[in-house]
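Q: Here is a structure to go through in questions and answers. Please show it before we start.
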Amino acid sequence: MPKIVRQKIEFEGRVEERDVVLEGDDLPIWKAEQSFRIVGTPVARVDGAERAGGIAQYTADLYPAGLIFGAVLRSPHARARIRRLDTAGAERAPGVRAVLSHLNAPGIPWYNGLSALFDVELRYAGEEVAAVFADGAAAARDAMELIEVDYEVLPHVVDPEAALAPDAPKIHAGGNVLGGAPEQYTRGDVERGFGDADVTVELRAETQDVLHHSMETHGSICEWTGDRLTIWDSTQHIFGVRRQLAAALRIPMDHVRVLSRFMGGGFGSKNQAAKYTVLAALAARRLRRPVKIMFTRAEESIAAGKRPRSVQRIRLGARRDGRLVAIEYRGVSGVGAYRAIGTPLAGPAKELYACPNVRTEVWNVFTNTGPSAAFRAPGFVEGTVALDCAMEALADRLGLDPLALRLTNYAPADQVLDRGYSSKFLREAYDMAARAAGWSRRTRTPQAPVRTGGPRRGLGMASQIWGGAGSAPAYAEVRVNADGSVDVRIGTQDIGTGARTALAQIAAEVLTLPIERVTVRLGDTDFPYSPLSAGSQTIASCGPAVRMAAEEARRHLVETAASVLEAAPSDIRLEAAGLSVAGVPDRKLAVHELTGRMGNFTIAGRGFRGANPDNVTIRTWGVHIAEVEVDPETGEVRVIKITACHDVGRVINPMGYRSQIEGGVIQGLGMALCEDHVTDPDSGTVMDLGFDTYAMPRQSMVPEIEALAVGRPDPVANNLGVKGVGEPPIIPTPAAIVNAVANAVGVRVTSLPITPAKILRALHAASGAAASKPAPSGAVPS
Amino acid sequence: MPTAAVSTEPLHAVTVTVNGRAETLHVPARRSLLQALREDLSLTGTKEGCAVGTCGACTVLLDGRPVLACLLLTVQAGGRAVETIESLSRDGALAPIQEAFVRHDALQCGFCTPGQIMALEGLLRRTPHPSDELLRRALEGNVCRCGTQLRIQAAARELAGAAAHHPGGGPVAAEAARDRTSSHDVRRSR
């Protein structure tokens, strides 16, 4: 009998109370010493042939018969009101079937009621004004230019600190601060803490707007069959899209089916339904034809979400031996024109290091820029730049080894929720990474900035804290077919992480089958519910459900075999896809022989994700060590190597693990050194409209990456002992690189991206200061 | 079949050899080869990443050399030979270059993968044993957001290096790759 309990659940850096339905008993947890056949061994992607073969069909690849193409006209102004809109010219254009705008589309509330599907007040350059639907994409775009709009241009603000000023343009009726006030947190007595401090270090950190730039742009295809809607969507959350579309269109959820079998990247930007899906659905209903809207790369740059820029100030107080006695943190996150939840910038400062006195404050500020979205460890990448760069500045100030300083401030328990951790093998991660990177080679940070001479090497470090526990609900079904092959059905997504492969490994492990005998079917709301592929939760949420479903199928196999082999079920062994009677080796049959005898009577299992253990905090941990070479005369940084070691519990697929680590590191590398989504403050328009102006790491920039895993299962987190790995590897990379640059040339540039120009400027500014008085190493005022 | 062109645009008849087969297309002048491949010929393995020549996702071979299909008008491809990702596998079996990508986990979401493979294929046909530097340069224009660059290098190095180090009889996959490369070389040389 299901019962409902209330639990604290962590997701994307935020903890909230949620009702959890307990359906029954979970399975016993896989023991640390248990040996496995497939789990924990490197397995090539089960869908690799489809993806490398060009056979995999992404949303962008579907062209159903009779397809109509939609294109969206977007506001050229950062803030404006539509005085007059005339779509008649576009409607008459060749090939055009329909034009939607506020004049004729339903007023569907959007962004939690802050706006509507088509709003007459436009709050960012790129906001939807109208949508044209035509026989071809080119025709739709041509016709878009025939729409006449008379805009009343209004004053705008794109800088979050400026948006906090009392006389700033008011972006929403409720003001420019999300939630009306900053998010605050206090423990202990910060003033007293600083009073007890022997040294204080203060540092300002700025991080830039960063774009996700998934290679498959955002887009949907919608098709109606009578009053039933099918949506093909490039999404991280098929069930979320179904729920949102059913609500927006006021139709029952069972009339909506969402499919996303292959998906070309999301990184958090595709966590929910967006307007284009609703627009395609509305047009498809009206035109009785399938309708497709895919973003162009330019639209991807202005209206697909971003990691919002931050301005942070952190002050650390410590005793001479390095013990932290106070942390004060203030962060401002410019969340764009629309955002429902704040950026958890303060997460690392609150929890990563042991400190009795902590005060944090985070302002989430609306600006007239594109909406922000979750982006791989939102808030924590930025927050780690502030915290962990301040930590190395502190280490340099005290003449301590930065690793020793971190160990001195090792937090054995969760100081925020005042409870223990399910497991924490960060010490082990430090140890493994330090040895692999040769941390003992690190020399002291130069006391004065180095402005001349040849390129100089430096080593820097940063730690990682993040969630990734996953949670209920998630469900799975396993079916053993007549030929002994297995279908797993689960309504999750594989957004490129390798979830399909890891889930296949789990099912194959339990059923003792070769992995080739298992097919994982996902990306379809006709399959059992699974959560969004975000928050590093897919394997930790879905994996335990798949295991339970496979275990149930296994039990049914054993019981059926017992009746055929005339033995007690407890005497039946399932090994290597064969069923036998213990101690009687010749009484046996293969799984496929058993299922073959059963014909279409099907062995099946259903599984659910059990609840997380109560009263314990589940975290992933890790550390990166960056080795860089800096040319002090040009300011150029070459990253030589990133050594990454993470504690993410049991690793199901070491091959997938390595790829996740490399992917996170490379995205972190881009954020540290070159990526910059620029909005012109005067016009409020976006300056980078694609890969020609938005610089992402290419082959020649990628350094050696050593991906290490602690690899110890979590003893209580879930029945597999797994935690997530998707987000952790991006978190420490930028901070580690900044610290390595500081270690090389003696200035800590904490304004991302750390371009050669910024490094040179900092070197010059700091040596100017050094001339007047001997500069302490560490934080550079910026 | 989707009609990309609206009724007022004049259509041009173009014959292109696509994956060894002559295809006659009727397209408006502005229709890119990428659109024609994807929408008129249903060869959706070639991806659109940007449509303006900045990402390499639409890389195909034109007369054996890698080009960006989004920057080429269909009418410009008239009388020439185009090869797409779909041409590499035979009867559902992956080509060695594709197998190497899978084996090295040189793909994550997979959206840029066909372009990466075709760019590398183009290089290896001309230069079967490229240096690491040449490999990286040949793939510099192919954007991957998931971060598979090092895995792609590993796959490419195996394809390039294994043949070089075992000229008489390397690993089966590498040898097959070389055979395949030389047969294409013969066919393309003129």
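Q: How many residues of chain A are in contact with residues of chain B?
A: In this predicted model, 48 residues of chain A are in contact with 48 residues of chain B. Residues count as in contact if their C-beta atoms, placed from the backbone, lie within 7 Å.

Q: Which helices of chain A each supply at least two residues of the side that touches chain B?
A: They are α1 (48-53), α3 (137-144) and α16 (654-673) of chain A. The largest share, six residues, comes from α16(A).

Q: What makes up the side of chain A that touches chain B, in nonpolar, polar and charged residues?
A: It divides into 21 nonpolar, 18 polar and nine charged residues.

Q: How do you know which strands β24(A) pairs with in the parallel sense?
A: Two strands pair if there are at least two bridges between them. Strand β24 (residues 486-489) of chain A has four bridges with β25(A), so the two count as paired, in the parallel sense. Within them, Arg489(A) stands opposite Arg521(A) in β25(A).

Q: Why are β25 and β29 of chain A said to stand at the edges?
A: The open sheet of four strands runs in the order β25-β24-β23-β29 (chain A), with mixed pairing. β25 (518-521) and β29 (603-608) of chain A each have a single partner strand, so one side of each is left without a neighbour in the sheet. Neighbouring strands are turned by 15° against each other on average, direction ignored.

Q: What does helix α13 of chain A touch when it packs on the sheet?
A: Helix α13 (residues 499-511) of chain A touches β23 (475-480), β24 and β25 of chain A. The direction of α13(A) makes about 135° with that of β25(A).

Definitions and conventions:
Residues are numbered from 1 along each chain as its sequence is written. Chains are lettered from A and ligands numbered from 1 in the order in which they are written. This is a predicted model: local features need pLDDT of at least 70, side-chain atom pairs count only at pLDDT 80 or more; totals for chains, interfaces and linings use all residues. Two residues are in contact if their C-beta atoms, placed from the backbone, lie within 7 Å. Ala, Val, Leu, Ile, Met, Phe, Trp, Tyr, Cys and Pro count as nonpolar, Asp, Glu, Lys and Arg as charged, and the others, Gly among them, as polar. Axes are lines fitted to C-alpha atoms, for helices over the stretch in contact, and angles run from 0 to 180 degrees between N-to-C directions.
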